[in-house]
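Q: Please guide me through reading ring pairs and helix packing in a model.

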Amino acid sequence: MSLCPTLVRTVSRGRPVRFCSRLCRPQRAAAFFARTPPTTPTHHRRSLHYSPNLFMKPTNPDPGENPAHELAPNSDVNVGRKRLADFDLKGKVFVVTGAARGLGLALAESLVEAGGKVYCLDREDEPDEHWAEARRRVVPEWGGSLHYRQQDVLDTKGLDKTITDIADDHGRLDGVVAAAGIQQVTPAVEYEPNDVADMLAINFTGVLMTATSAARQMMKYKTRGSICLVASMSGSVANKGLLSPVYNSSKAALIQLARNLAMEWSPIQKDGTGGIRVNCISPGHILTPMVRDIFDEIPGLRERWERENMMGRLAETTEFKGATLFLLSNASSFMTGANLVIDGGHTSW
C-alpha cells in the first residue's frame, strides 16, 4: 500500500495525521514523488511494500490454461483389465521420510506391498528391528522392494542429494511421503526460542524441503508424481490433556502447505513439467513409539484419549496404510490440495 498525496502533504507540514478514506493508486503516488524535490535518498522515498519486480513476481499457473488431463484415468487400460489396477505401483519409485520405525515404516510397507520400490529415510544410523521384520515380509514376486538410507531432514543439502541420487538411479521419482516429525510436551509459557526453532525445523521446514526436492526430480523426469504430507488432527484441534502448542501449530502449517504446493504443482506446464498432486493425511491418536513414551510421562492420558473418539480406542500404525496407498496411486487421480482426516471420529463430535 502506498502513501497517498493527502497523507504525505499532511505529514510534511507537521499537522496531525489524517488518513485517506480510500487507498491511493500506486501511479498517483509515483507521480507525486516525481514532482517532489529530492530532499532525501531515493530509497527513503519509496512507497510502502515497494518491490523493483512488483509486476514480475511469479503467480500460480492457470489451471484453465494448463489442465492436468494426463492424470485422468484411462478406461481402456484400467477398468476391468487388471485386478485393482489403479492401486498398482509396480515399477514406481518412492521415498518415505521418518521411516525407520513407527508410522513412517508402516506407510512405506503399504507402497512395497503394491509393488513400489521404496526408500526409507531417517536420521537413525540403523533402522530398528521392526524395519528388518518389514523387509523380511517383502514378497519379491509382487515387484516391490524396501531400502534404507540414513538421512536427517535437517541436513537439507544432504537430503536433496539423497533424493536426487535415488531419482537418477531409476530415471524417475513417483511419490514421496513426508512423515518425519518430533513432539515436545511443554506449556507455552515455558517454551524457549530454540525449542520452537528446533521443532519447526523438522516438522515444517524438513517437510517443505523434502517436498521441494522431490518435486524438482519429478519435474526433471516429467513424472506425474504424488506427495503426501503427514499432518495430524492436532493441526485442526487442540489435544485435551496434552500441552503441545508448537507441535500442533506445525501440523496446521502442513495442512496449509499442502494446499499451496498443490496449487503450484498440479497443473501441467507447457514444458511438460507439473501434474504433481499434493495432499495431507491427518491421523488421530496412534500407538507409535513416540506416543507410548508420552503415556509413560503422563499417567492416565491413554485412557482419556481412548474416551475422546467414537471408537473408544487408539489407532495402530497399520490402519493408515490404505489411505497412503490411495493418495500415492492413480486411485486418487482427481484429489489434490486435500486433507484426509483419519481419527476414529475424534474431531466429529
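Q: Is W305 buried or exposed?
A: W305 is buried, at a relative accessible area of 3%; buried means under 20%, exposed over 50% and partly exposed in between, with a 1.4 Å probe and protein chains only. This is a predicted model, in which local features need pLDDT of at least 70, side-chain atom pairs count only at pLDDT 80 or more, and totals for chains, interfaces and linings use all residues. Residues are numbered from 1 along each chain as its sequence is written, and side-chain values use heavy atoms, leaving out hydrogens and water.

Q: How many aromatic pairs does the structure hold?
A: Rings of Phe, Tyr and Trp (its six-membered ring) pair if their centres lie within 6.5 Å; planes under 30 degrees apart count as stacked, over 60 as edge-to-face and the rest as tilted. The structure holds two such pairs. The rings of W131 and Y148 have centres 5.8 Å apart and planes at 70°, so this pair is edge-to-face.

Q: What geometry do the rings of F295 and W305 have?
A: Their centres are 5.5 Å apart and their planes stand at 65°, so the pair is edge-to-face. F295 is also buried, with a relative accessible area of 13%.

Q: Which residues of helix 9 meet helix 10?
A: Contact means heavy atoms within 4.5 Å, and helices are DSSP runs (H or I, at least four residues) numbered from the N terminus. V291, R292, I294 and F295 in helix 9 meet L301, R302 and W305 in helix 10.

Notes. Helix = DSSP H or I, 4+ residues; strand = E, 2+ residues; numbered from the N terminus.
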